[in-house]
Every structure is written in structure tokens, then in C-alpha cells.
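Let's take a walk through this fold, starting with what sits against what. Have the structure open as you read.

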Amino acid sequence: MTPEKKLQIEERIVEVLKTVYDPEIPVDIYNLGLIYRIDLHDDGTLDLDMTLTAPNCPAADFIMEDVRLKLAGTEGVTDVKVNLVFEPEWEKDMMSEEAKLELGFM
């Protein structure tokens, strides 16, 4: 995979992640800062590290499956591994400026 092709796929991955929402928060998981690592390999395999706003999030299974299904359907991605991590612990400071504004933190 060329560096240009890889960049295009990674940009699509980010756009897909911006379509995934926690049902209780009106901001996508990417702008919430829940995505810690996007690692796209040359064979199209994707390793993704993400967290949740709280370890006991009742929507955890729903969010994780939504991420996995949407990324698996992304052109150029051949396999998806979503890793749920809690280090570092998520904080409000990890949100984008857009998310902070949307949620009234600014």
C-alpha cells in the first residue's frame, strides 16, 4: 500500500469514527477523544485502541460493535481489531474544541 493510499484510508477511518455516538452524549466518539490509536497495516488490517467516558458505561457493547461493524465496511480495511483500554483514563480535556463547545464546556 502506498503512503498516499494509506493516508486516504486513514482519513476515511476518521470520518467513519465521527459517525459513532455514545447514545447518552450528542458528540461523536472521535471528537470526544475516545480514540487513542489508529494503526493501519499495509495489508489493510486495522488495530484501534479506544476508551469510554466511564469504565462501567452501559452502552459499551453497543459502541464497540458499532465501531467494529462500521470500520469493517470501510474500503481498504480488511480486518478490524478494536481494543478497549482504560489507560490513560479519559478526561474532559481530551475532547476537541468542537465537542467542548457542543457540550457547553467553553
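Contact here means heavy atoms within 4.5 Å. With that cut-off, the cover over the buried residues of H1 includes S1, S2 and H2. Keep in mind that this is a predicted model.

So which residues of H1 are buried? They are Ile-9, Ile-13, Val-14, Val-16 and Leu-17. These residues cover an arc of only 160° around the axis, which puts them on the same side of H1. As background, an α-helix has 3.6 residues a turn, so residues three or four places apart point the same way.

Three strands make up an open sheet with mixed pairing, in the order S1-S2-S3. S1 (35-40) and S3 (79-84) are the edge strands; each has a single partner strand, so one side of each is left without a neighbour in the sheet. From one strand to the next, the twist averages 15°. S2 (residues 45-50) and S3 run parallel, joined by six bridges, and Leu-46 stands opposite Val-80 in S3.

Both helices in the table pack on this sheet:

| Helix | Strands touched | Angle between directions |
|---|---|---|
| H1 (residues 3-17) | S1 and S2 | about 145° with S1 |
| H2 (residues 60-72) | S2 and S3 | about 155° with S3 |

Strand S2, then, is touched by H1 and also by H2.

Notes: Residues are numbered from 1 along each chain as its sequence is written. This is a predicted model: local features need pLDDT of at least 70, side-chain atom pairs count only at pLDDT 80 or more; totals for chains, interfaces and linings use all residues. Side-chain values use heavy atoms; hydrogens and water are left out. Two strands pair if DSSP finds at least two bridges between them. Helices (H or I, at least four residues) and strands (E, at least two) are DSSP runs, numbered from the N terminus. Axes are lines fitted to C-alpha atoms, for helices over the stretch in contact, and angles run from 0 to 180 degrees between N-to-C directions. Buried means under 20% relative accessible area, exposed over 50%, partly exposed in between (1.4 Å probe, protein chains only). The arc is that of the directions from the helix axis to the C-beta atoms.
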